[in-house]
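Please examine the structure shown below before working through the solutions.

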Amino acid sequence: MIENLVREEIKGFKNYEVHSIPYRYKMDANETPFELPEGVIKNIQEIVKYSQVNVYPDPTAEKLKEELARYCKVVPTNIFVGNGSDEIIHLIMLAFINKGDVVAYPHPSFAMYSVYSKIAGAVEIPVKLEEDYTYDVGSFTEVIEKYRPKLVFLCNPNNPTGSVIEREDIIKIIRKSNGIVVVDEAYFEFYGNTIVDAINEFENLIVLRTLSKAFGLAGLRVGYAVSNEKILEYLNLVKSPYNINSFTQRIALEVLRSGVLRERVNYILNERKRLINELSKIKGIKVYPSKANFILVKFKDAEYAHKKLLERGILVRDFSKVEGLEGALRITVSTKEANDYLINVLKELLI
Ligand SMILES: *Cc1c(COP(=O)(O)O)cnc(C)c1O
């Protein structure tokens, strides 16, 4: 009986797969390999001790918005905080997408654009990246002219390819579009370039950011949108009243103020360079350039490589069964120790 009650769009949906394999190094989800510094942990313990969980959290996370605004060099009314940027993608659909509206996004890219499009009943137009995974801006403008998408997603740097789209090209796409353009900057800190400064220049631009990657707070669930007040007003209308819990608000604030970011990002950038260098030396691996904290690599037999890495306790993400990513694994840049271990396993594997 229940099958007959479920919405058309949800039928045939599969669960987001979660692995629970024992591992030595986790290099599959683009997380930060570092734990929080001692001092920050101490402060968090105090926060927990004096928190009043009997009262509801601040529904609009004002303090956190102020700190994020400072970080982005905008004003707090240009910030919207979500339970991960995943939630914000969902809320954007909820606010703007009617069944049958067109959503365009790069392919291959972050899977959630498609998942939430399907849930919303949107018509999806995946826009193929070039052979080398650089953005094909011509294809995007053609798709915009032809299908007039209500929503266009750009992922910059793109997950899982690590490729980027230049500012002039983003602006070209925003200008061409009658709908909203969402620029997902989840990996901004590893790239350094942003379009956040243009949010008041264009009425149809939303920039997405997250504390899950460079800030190392994936478990806390904090994402944010930077946009103009009009767009954010609509997101506020569709969100659940208390989407960010009290602990998350306080701890995110603490970590933002702690100054852990710069050192961590520098470390990862150094390791990224080293890892790309070392992997490029290994015969049988094709390494793609990356502006994020992960590297896309291709093998003749990715399934075998993936299996061997797992046997040695290294989790990486297998994309080899995704159309357009045949032979590809995505490796998250980790600690020096983890990266060295991975390099050695791959060297052994491919002699
Ligand atoms: C990880 C990731 C996100 C999701 O971030 P959360 O804030 O943890 O939901 C969004 N977009 C891209 C491209 C990502 O890789």
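**Exercise 1.** Determine how many nonpolar, polar and charged residues make up the shell around the ligand.

*Solution.* By class, this shell holds five nonpolar, five polar and four charged residues. Here Ala, Val, Leu, Ile, Met, Phe, Trp, Tyr, Cys and Pro count as nonpolar, Asp, Glu, Lys and Arg as charged, and the others, Gly among them, as polar. The model is predicted: local features need pLDDT of at least 70 and side-chain atom pairs pLDDT 80 or more, while totals for chains, interfaces and linings use all residues. Residues are numbered from 1 along each chain as its sequence is written, and side-chain values use heavy atoms, with hydrogens and water left out.

**Exercise 2.** Identify the residues closest to the ligand and the polar side-chain atoms that approach the ligand.

*Solution.* First, 14 residues surround the ligand (a heavy atom within 4 Å). The closest are Asp184, Tyr187, Thr210, Ser212 and Lys213. Next, consider polar contacts, which are pairs of N or O atoms within 3.5 Å; within protein, one must be able to donate a hydrogen and the other to accept it, and residues adjacent in sequence count only if both atoms are side-chain atoms. A polar side-chain atom of Asp184 lies 2.6 Å from a ligand nitrogen atom. Finally, the ligand taken alone exposes 390 Å² (Shrake-Rupley method, 1.4 Å probe), and the protein buries 94% of that.

**Exercise 3.** Describe the interface between domain 1 and domain 2.

*Solution.* Begin with the bounds, which come from an automatic or database domain assignment: domain 1 covers 2-30 + 261-350, and domain 2 covers 38-257. Their contact (heavy atoms within 4.5 Å) takes 28 residues from domain 1 and 27 residues from domain 2. Then turn to polar links: the interface has 10 residue pairs in polar contact, both at pLDDT 80 or more. The count of salt bridges (side-chain nitrogen of Lys or Arg within 4 Å of a carboxyl oxygen of Asp or Glu) between the domains is one.

Conventions
Buried area is the accessible area (1.4 Å probe) that two parts lose on being put together, summed over both.
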